[in-house]
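Morning, everyone. One chain today, then one residue in it. Here it comes.

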Amino acid sequence: NGKSIVGLAILGFFLLIAIFAPQIAPYPATQINAQARLQPPSAEFWLGTTHLGEDVFSQIIWGTRGVMVVGILATVVAVTIAITVGVVAGYTSGWKSESLSALSNVFLVIPGMPLIIVVASLFEDPPLWVIALVLGITGWAWGARVLRAQTMSLRNRDFVQAAKANGEPLHRIIAVEMLPNLMGLIAASVVGTM
């Protein structure tokens, strides 16, 4: 798929920038140069400087590391919760399914950004994993709803009914019979969450 290859190439490009930030960035991200305050873009400062004299290009290069860490951790947390809640809610029925659906509805309306600001204000220098955790915990609900709907359509298919009739345990039915059929939606959820 051409779009997937382009997307992976872009992600790989930024991953390489994050890994090789010390070699790419001309200056450390927080290096202050009092003689170079508020400089416009030039050959020395490609994107100019801040009011403290920090090189903006270097800050962007070094900032790629934090963005990648937060994006990957938040995606892992959100997609793990979405798969667990969505597939279990879609496979089960009755009060279990409805309570998990109500839980995802509650998390749909929790605003992530104000919560990050509140949580970050509790720390003098908030660690990246805290920000990623808040983003992951507040960002799983939409993926869970989509997975729940698809799982509900899969649970009545012949191959799932045959596995139930053979006495397969729930975890095996979900892991072996259903998850391979949900991989397209899971991949879309990963991309959307990232």
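Contacts first. In the protein chain, residues 24 or more positions apart account for 64% of the contacts with a separation of 6 or more. Contact here means heavy atoms within 4.5 Å.

Now, the ground rules. This is a predicted model, where local features need pLDDT of at least 70, side-chain atom pairs count only at pLDDT 80 or more, and totals for chains, interfaces and linings use all residues. Residues are numbered from 1 along each chain as its sequence is written, and side-chain values use heavy atoms, with hydrogens and water left out.

Next, the fold. The protein chain has 9 helices and 0 strands. Helices are DSSP runs of H or I, at least four residues; strands are runs of E, at least two; both are numbered from the N terminus.

Overall dimensions. The C-alpha trace spans about 75 × 40 × 20 Å along its principal axes. The radius of gyration is 22 Å, whereas a compact globule of 194 residues would have one near 16 Å. That radius is taken over C-alpha atoms, and the globule rule is 2.2 Å times the number of residues to the power 0.38.

How many of the 194 residues count as buried? The figure is 33%. Buried means under 20% relative accessible area, with a 1.4 Å probe and protein chains only.

Finally, Ser58. This residue lies in helix H3, residues 56-91. Ser58 counts as buried because its relative accessibility is 0%. Its side chain reaches the backbone nitrogen of Tyr27 at 3.1 Å. Leaving aside neighbours within four places in sequence, Ser58 is in contact with Ala25, Pro26, Tyr27, Pro28 and Ala29.

Key: Buried means under 20% relative accessible area, exposed over 50%, partly exposed in between (1.4 Å probe, protein chains only). A polar contact is a pair of N or O atoms within 3.5 Å; within protein, one must be able to donate a hydrogen and the other to accept it, and residues adjacent in sequence count only if both atoms are side-chain atoms.
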